[in-house]
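User: Hey, can you walk me through this one? I'm still new to reading structures.
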Amino acid sequence: MWGAVVPAAVTRTVADGVELLEVGWPEPVGANAYLLDDGEVTLVDAGLPVGRRPLSAELAAAGYDAGDLDRVLVTHYDLDHVGGLRGLDADVPVHVGAADARLADGTWAPPPAHPKGLFHRLLRRLFPLSGLDLRSVTDGDRVGGFRAVHAPGHNPGHTVFLHEDLGAALLGDLVRERGGRLRPPPWVDSYDTGRLAESVDRVAGESFEHACVGHGRPVSPDGDDHLRRLAAEL
Ligand SMILES: [Zn+2]
């Protein structure tokens with residue numbers, strides 16, 4: 001009776017047009033995905049390759065299917081954010097920060113002496129993004145209703161996507177939520193913690209209500225105030 005112990009798909013409405021897809025399992029390894037609907041439907045990140053339920057089931061629980069998607073945005077190339085793309089039956093562009101696109105396709109070789117560099121050398125063999133319609137984004141690019149903000153440190157191409165009309169900041173692993181507060185990710189999980197602190201400071205200068213984190217619960221409202229509080233500490 002395995003089916004009886006698998007939790008039901010859970011989605012949570014963060015705000016009008018902003019749904020949390022709770023593929024972030026098991027915690028804290030798994031990462032959240034989000035679905036934003038401003039008339040166009042955008043999936044942000046995709047969780048691990050195997051979760052408690054397929055991403056398609058989480059989409060269905062939010063009232064969508066893969067065929068409804070207009071695009072995917074990827075905050076960064078880590079398995080807990082791109083893993084679910086493998087099973088996603090959607091022929092749509094996948095936008096990712098330029099440096100992480102180079103990380104994924106092998107045109108940039110990460111330092112093997114850094115634990116994360118080693119991880120990425122393995123990841124791009126096991127989980128290349130080669131079959132996808134990959135599009136590089138750089139700082140300031142507009143994709144639909146989103147603006148890309150290059151926020152390196154955790155990964156060199158880590159990108160935050162801001163949706164001003166929906167008041168949402170898709171923060172990826174710039175920060176995570178613990179006990180209602182925003183915290184930086186563990187140092188071992190980031191290439192450059194100094195650059196990460198600079199990125200936190202920069203994104204804290206933006207205005208948004210909903211801090212949609214990859215790990216933990218979204219912090220809303222006044223998400224930008226929470227990020228400014230962290231920026232002052234770093
Ligand atoms: Zn993550």
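User: Which residue of S5 does threonine 42 stand opposite?
Analyst: Threonine 42 stands opposite arginine 71 in S5. This is a predicted model, where local features need pLDDT of at least 70, side-chain atom pairs count only at pLDDT 80 or more, and totals for chains, interfaces and linings use all residues. Residues are numbered from 1 along each chain as its sequence is written.

User: And how does the chain get from S4 to S5?
Analyst: The chain goes from S4 through H2 to S5, a right-handed β-α-β crossover. Right-handed here means that, with the strands pointing away from the viewer, the path from the first strand over the helix to the second runs clockwise. The H and S names are DSSP runs numbered from the N terminus: helices are H or I with at least four residues, strands are E with at least two.

User: In what sense do S4 and S5 pair?
Analyst: Parallel, over three bridges, with S5 covering residues 71-74. Strands pair if DSSP finds at least two bridges between them. S4 also runs antiparallel to S3 (residues 33-37), joined by four bridges.

User: What's between S3 and S4?
Analyst: Three residues, making a hairpin, and glycine 39 there has a positive phi near 105°.

User: Are the S4 side chains buried or exposed?
Analyst: Val41 and Leu43 point one way, Thr42 and Val44 the other, and all are buried. A residue is buried if 20 or more other C-beta atoms lie within 10 Å of its own, exposed if 12 or fewer, and partly exposed in between, with C-beta atoms placed from the backbone.

User: What about phi at aspartate 222?
Analyst: Also positive, about 55°. Aspartate 222 is in the loop between S14 and H7, and it is partly exposed, with 14 other C-beta atoms within 10 Å. Proline 221 is in that loop too, and the peptide bond from serine 220 to proline 221 is cis, with omega near 0°.

User: Last one: which residues of H7 are buried?
Analyst: Gly223, Asp224 and Leu227. Seen down the axis, they fall within an arc of 90°, so they line one face of H7. The arc is that of the directions from the helix axis to the C-beta atoms. Ala232 and Glu233 are exposed on the face turned away from the buried side.
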